[in-house]
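Here are my notes on the structure you sent.

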Amino acid sequence: MRRVVSRIVENRTLAREVNASISNLRQSMASVQKKQKAVHEPPANSIVNIPCQVSIEVLGNGTGLLRACFILRTPLKTYMFNCPENACRFLWQLRIRSSSVVDLFITSANWDNIAGISSILLSKESNAMSTRLHGAMNIKHFLECIRPFQDSDYGNCKYPSQVEERPYTMESYEDAGMKVTYIPLSPPLGLKNKEKNSKVNNVDVAFLIEMKEAARRIDAVKLMELKVPKGPLIGKLKSGEAVTLPDGRTIQPDQVFSSHKVEGEKPILLVTECTTEEHVESLSSSSSMQPFFNNEKRLDYMVHLSKEELINTPSYKTLMKKLSDGDTTHLLINEANPVIPAVESVYKHTRLLRSISPSLFPALHPIDWSGIITQNEELSQKQNEFIRVAPLQRYWMRKGNSSNEEPIINNLLASEPELTEKAKQLITDYQKLEASIEKNCEFPKITFFGTSSAVPSKYRNVTGYLVEASNESALLLDVGEGTYGQMKAVFGEEGCKKLLVNLHCVLVTHAHQDHMNGLYTIVARRKEAFESLRIPYRPLVLVCNRNVLKPLKTYSICFENIENLLEIVDISRHPLTPPGSPNGPPGKRPRLPSPHLPPSRDILDDMPKSFDKNVWKLEDLKAVQVHHTRMANGFVMRVAGKRIVFSGDTKPCDLLVAEGQDADVLVHESTFEDGHEEDALRKRHSTMGQAVDVGKRMNAKNIILTHFSARYPKVPVLPQYLDTENIGVAMDMLRVRFDHLPLVSKLLPIYREVFVAELFELTIKKEQRILKDKESSEKRQQKRYVKQSS
């Protein structure tokens with residue numbers, strides 16, 4: 001009995017110690033987080049933390065790969081205005097990390113302004129500061145909806161617990177550097193406006209930014225005159241605190257500050273995007289704007305994000321007359337701006353690939369653009385009172401001392417790539433083969449808009465494939481974030497319109513965001529294409545499972561109803577309602593079992609009336625369940641007489657092998673290199689060797705590997721066994737007609753020579769990993785031996 005009591009006492013003591021340790025750990029973590037917040041979030045009245053340098057920097061000028069967005073940069077913080085698709089991928093262009101973006105200001109609740117937020121959040125470190133969403137409403141709710149559908153390859157989904165929503169109803173935001181006033185722009189309610197705008201929330205938000213006066217420097221002469229001793233008292237004066245000297249005198253900060261003012265100070269900025277003329281009129285009548293109209297205050301900068309058609313309306317011209325002060329700089333960021341590539345990695349990489357194989361890699365739009373892009377104004381265009389800005393451009397609100405910083409320069413001058421003699425000879429031999437191939441079967445034609453997995457990388461976008469059955473018929477398979485931007489680079493503005501009008505169907509393999517986050521943009525741009533070409537709208541057919549539909553419905557509820565633009569084919573199997581249990585509580589409804597995917601399902605029988613087999617040239621379409629998420633499938637199709645199989649994301653799948661037998665081409669995911677089988681199994685993906693084995697067992701005539709981990713930015717590992725079959729490696733912007741499929745595999749020897757440095761680095765990393773695994777195994781064996789010996 002005493003032993004039992006003694007053990008109970010010991011256990012309770014141990015439990016108290018554990019609880020105390022946990023409590024101390026929590027306090028320690030809270031202290032660390034508090035210190036981090038103090039560093040990144042100085043008090044709003046902290047004079048010492050008023051930024052000495054503030055600049056407006058254009059990330060996307062509304063054209064090319066990135067829609068309109070810009071940042072306000074200070075030495076301590078980065079404020080981002082709108083966050084379109086690809087924003088996270090190209091922030092590095094301005095040498096900005098996602099973790100430094102704490103405040104996101106959204107001017108209007110539409111997809112073009114919020115599409116990149118989830119990528120920004122996912123790319124932040126676990127200890128990063130919370131992200132604040134200013135202005136538009138319902139964004140956090142949508143992020144909560146899509147959080148379960150982030151690809152687990154990228155780790156745990158940390159948001160939306162790290163998201164703070166600050167809607168326009170909160171009126172303003174203030175920190176150490178500036179005060180931001182939210183100006184809601186709401187058109188009058190009425191049937192006319194509802195017809196014009198199908199947005200759920202019609203309120204746009206303008207942001208009036210007023211920088212706090214720059215902290216003045218301490219004047220050493222005044223310190224000497226007032227006999228202020230060296231030490232902490234001077235630090236307090238710098239922080240704006242009054243101090244009492246040892247002799248009893250009280251010194252105010254103004255007594256020691258220099259009278260010198262900052263030159264070139266432009267402290268007031270207005271950011272606005274108006275959806276309709278009614279929103280413009282709402283801005284004109286806003287009480288916050290009256291001091292600027294009456295010349296009581298001077299507006300230094302105004303950033304206009306409104307579309308071109310609205311800029312030319314009478315209401316907008318009236319607004320500009322009210323702001324006719326010649327000292328205001330009007331920066332215009334919209335779709336009519338000069339089209340400039342501005343993304344060095346994408347364009348230079350594609351130019352290199354095009355120099356190898358002109359028939360497989362098209363010239364990117366704007367075609368043959370050549371030049372140097374800097375942060376200066378050389379590429380901007382002055383039009384009336386507006387400056388049509390170019391990407392990367394910078395405008396100073398407070399210049400400070402920027403003379404020591406390294407300039408940002410993108411060199412896109414057309415030049416011959418530096419290649420070894422061996423590479424040049426391989427390319428010459430390849431191009432002779434390319435010229436000799438007979439062009440007797442153009443369709444089906446496959447374009448790879450994205451070949452990365454989970455998240456985009458510097459050289460690869462996430463998943464998106466275009467299959468063209470003819471010049472009048474096309475379908476998209478998966479549409480990751482940035483798919484439309486890639487499409488626009490390949491086809492150009494007018495080419496995109498024609499393609500989208502001919503786009504009949506979108507097939508989505510599963511609900512992970514790297515496979516469907518670009519869908520909303522495709523739907524919106526397609527509708528605009530029909531309107532621009534004055535063609536009656538034809539709904540887009542969306543083939544997907546139930547999990548894909550959930551975020552789609554949430555988006556329609558929160559922002560804008562796009563379901564009426566689609567004809568949805570749900571490939572999930574919905575079980576019938578089970579009968580009520582006779583012994584169950586009376587009146588209680590039985591719980592419905594969850595929908596699931598059938599192992600294999602013919603889709604054409606479920607297609608809507610708009611489906612025309614002769615026009616679409618789609619003779620067969622089957623969804624095959626694969627091993628990834630609970631609801632994930634590949635697609636087996638016969639297009640223009642050819643059999644194509646897309647694996648989607650999956651481990652090696654025997655059912656896909658059986659259903660895809662004798663495929664003309666297999667496009668299979670190859671997330672990991674050989675040797676990562678455990679990672680592939682855990683994350684339900686395939687290694688390169690496993691993907692090749694699937695193709696061999698399927699008896700596929702051509703195999704194209706894709707969906708590579710971001711650890712392989714330019715090129716994956718290329719083992720020699722790939723050369724024994726018709727096995728190719730997909731690159732972004734690869735556009736291959738059916739009779740050119742054999743050429744894709746012939747590029748591998750050239751890649752090995754051209755990307756020798758990258759492949760060598762991958763080899764070193766692999767050897768380091770093998771050595772590390774071997775050391776870990778030896779340590780485990782040694783511990784096991786010691787344990788057995790004792």
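This is a predicted model: local features need pLDDT of at least 70, side-chain atom pairs count only at pLDDT 80 or more; totals for chains, interfaces and linings use all residues.

Which residues make a nonpolar surface patch of about 260 Å²?

1. The surface patch. The nonpolar patch is made by I372, I409 and L413. Its area is about 260 Å². I409 sits in the loop between β18 (394-398) and β19 (410-411). Its relative accessibility is 47%, so I409 counts as partly exposed. Patch members need over 30% relative accessible area, and I409 has 47%.

2. A helix pair. Helix α5 covers residues 139-146, and helix α18 covers residues 546-558. The two pack with their axes 9 Å apart, at an angle of about 175°. Angles over 145 degrees count as roughly antiparallel, which means that α5 is roughly antiparallel to α18. On the α5 side, the contact uses H141, F142, C145 and I146. On the α18 side, it uses K550, P551, T554, Y555 and C558.

3. A buried methionine. M698 is found in helix α22, which spans residues 688-698. Buried or exposed? M698 has 0% relative accessibility, so it counts as buried. What does M698 touch, leaving aside residues up to four places away in sequence? The list is V645, L656, V657, G660, Q661, D662, A663 and L666. A658 is also worth a look: M698 and A658 are 40 residues apart in sequence, yet 6.8 Å apart in space, C-alpha to C-alpha.

4. Salt bridges overall. How many salt bridges does the structure hold? The count is 36.

5. R525 and E528. These two form a salt bridge, with the closest N and O atoms 3.0 Å apart. Both lie in helix α17 (residues 519-532). They are three residues apart there, so about one helical turn separates them. R525 is buried, with a relative accessible area of 6%. E528 is partly exposed, at 31%. The pair also belongs to a network of salt bridges that links R67, D112, K307, R525 and E528.

6. D664 and K701. The side chains of D664 and K701 meet in a salt bridge at 3.7 Å, N to O. This pair links distant parts of the chain, 37 residues apart. D664 is in the loop between α20 (654-659) and β30 (665-669). K701 is in the loop between α22 and β31 (703-706). Helix α22 is the one that holds M698. Buried means under 20% relative accessible area, so D664, at 13%, is buried. K701 is partly exposed, with a relative accessible area of 47%.

7. E761 and K765. Here the closest N and O atoms are 3.7 Å apart, and the two residues form a salt bridge. What separates E761 and K765 within helix α25 (residues 756-789)? They are four residues apart, so the separation is about one helical turn. E761 is partly exposed, with a relative accessible area of 45%. K765 is partly exposed too, with a relative accessible area of 44%.

Technical notes: Residues are numbered from 1 along each chain as its sequence is written. Side-chain values use heavy atoms; hydrogens and water are left out. Patches are made of residues with over 30% relative accessible area and no salt bridge: like charges are joined within 9 Å, nonpolar side chains (Val, Leu, Ile, Met, Phe, Trp, Tyr) within 5 Å. Accessible areas come from the Shrake-Rupley method with a 1.4 Å probe; for residues, only the protein chains shown count as cover. A salt bridge is a side-chain nitrogen of Lys or Arg within 4 Å of a carboxyl oxygen of Asp or Glu. Buried means under 20% relative accessible area, exposed over 50%, partly exposed in between (1.4 Å probe, protein chains only). Axes are lines fitted to C-alpha atoms, for helices over the stretch in contact, and angles run from 0 to 180 degrees between N-to-C directions. Angles under 35 degrees count as roughly parallel, over 145 as roughly antiparallel, 65 to 115 as roughly perpendicular and the rest as oblique. Contact means heavy atoms within 4.5 Å.
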